[in-house]
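Subject: Structure handover

Hello,

Here is the structure for you to take over. Please look through it first; my notes on what was found follow below.

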Amino acid sequence: MAMQATDIKALIQEALPDAQVQIEDLAGDGDHYAASVVSESFRGMSRVKQHQIVYAALRGRMGGELHALALQTSAPA
Amino acid sequence: MADINARIQSDIDTNPVMLYMKGNAMFPQCGFSARVVQILTHAGVPFKTANVLEDAELREGVKTFSNWPTIPQLYVKGEFVGGCDIITEMFQTGELQKLFTEAGVEAKAQA
């Protein structure tokens with residue numbers, strides 16, 4: 001089961017309305033993505049916590065229908 | 001579930017650098033697991049691996065344990081450090097090496 005990049009982006013922005021989200025379809029197969037998420041709410045958080053918030057936004061799809069999402073998270077510079 | 005949590009806790013308490021992965025260090029069976037093995041090897045620290053593909057209970061258990069949906073997962077001194085992306089980023093910035101030093105994990109002399 002593949003996911004559309006727009007769906008991934010929408011789920012992340014639903015949880016983090018201020019987030020700037022960029023999604024790249026790495027293999028063109030709708031299954032291997034790289035996402036960069038920049039949100040003020042990440043400030044002061046560990047990377048693990050930041051990624052956990054993004055995974056939570058994806059509501060269980062990560063590791064399931066979404067096999068590979070390379071994540072890069074940060075607070076705005 | 002309680003048993004698997006106890007097993008993971010004992011693994012990460014006993015092994016200063018513990019990697020849950022797909023396959024083993026010699027034959028990783030997933031590109032993300034392979035990358036973390038490569039980084040640890042390059043960093044020169046001794047590490048122990050567990051193959052989640054051989055153990056369905058462990059595969060699900062470790063995800064619940066860390067509240068982290070994917071494999072690989074790296075633990076240093078009993079603390080969850082991250083998956084492939086975080087380890088790669090920390091390695092590139094030098095944070096991973098610093099973490100190992102601070103955790104008292106000795107890098108082996110590189111050949």
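A nonpolar core, as used here, is a set of buried Ala, Val, Leu, Ile, Met, Phe, Trp, Tyr and Cys residues joined through C-beta atoms within 7 Å. A residue is buried if 20 or more other C-beta atoms lie within 10 Å of its own, exposed if 12 or fewer, and partly exposed in between, with C-beta atoms placed from the backbone.

This is a predicted model, in which local features need pLDDT of at least 70, side-chain atom pairs count only at pLDDT 80 or more, and totals for chains, interfaces and linings use all residues. Residues are numbered from 1 along each chain as its sequence is written, while chains are lettered from A and ligands numbered from 1 in the order in which they are written. The predictor gives the complex an ipTM of 0.78 and a pTM of 0.88.

Cores

The largest nonpolar core has 27 residues, and those that touch the most other members are B:Leu19, B:Tyr20, B:Met21, B:Val36, B:Val52, B:Leu74 and B:Ile87. Among the elements of chain B that each supply at least two residues of this core are helix 1 (2–14), helix 3 (56–66) and helix 5 (95–102). Helices (H or I, at least four residues) and strands (E, at least two) are DSSP runs, numbered from the N terminus. Strand 1 of chain B gives the largest share of this core, five residues. Another core, of 16 residues, lies apart from it and includes A:Tyr33, A:Ala35, A:Leu66 and A:Leu71.

Leaving out residues up to four places away in sequence, B:Met21 touches B:Val36, B:Val52 and B:Ile71, among others. Contact means that the C-beta atoms of two residues, placed from the backbone, lie within 7 Å.

Sheets

In chain B, four strands form an open sheet in the order 2-1-3-4, with mixed pairing. Strand 2 (48–51) and strand 4 of chain B are the edge strands, each pairing on one side only. Two strands pair if DSSP finds at least two bridges between them. From one strand to the next the twist averages 25°; axes are lines fitted to C-alpha atoms, for helices over the stretch in contact, and angles run from 0 to 180 degrees between N-to-C directions. Three bridges join strand 3 and strand 4 of chain B in the antiparallel sense, and B:Val76 has B:Glu79 as its bridge partner in strand 4 of chain B. Helix 2 of chain B lies across strand 1 and strand 3 of chain B, at about 160° to strand 1 of chain B.

Chain A has an open sheet of three strands in the order 1-2-3, also with mixed pairing. Strand 1 (20–25) and strand 3 (68–74) of chain A each have a single partner strand, so one side of each has no neighbour in the sheet. Strand 2 (residues 32–38) and strand 3 of chain A run parallel and are joined by seven bridges. A:Thr73 in strand 3 of chain A is the bridge partner of A:Val37.

Interface

How many residues of chain B are in contact with chain A? Eight are, and they meet 10 residues of chain A. Strand 4 (79–82) and helix 4 (84–93) of chain B each supply at least two residues of that side of chain B.

Regards
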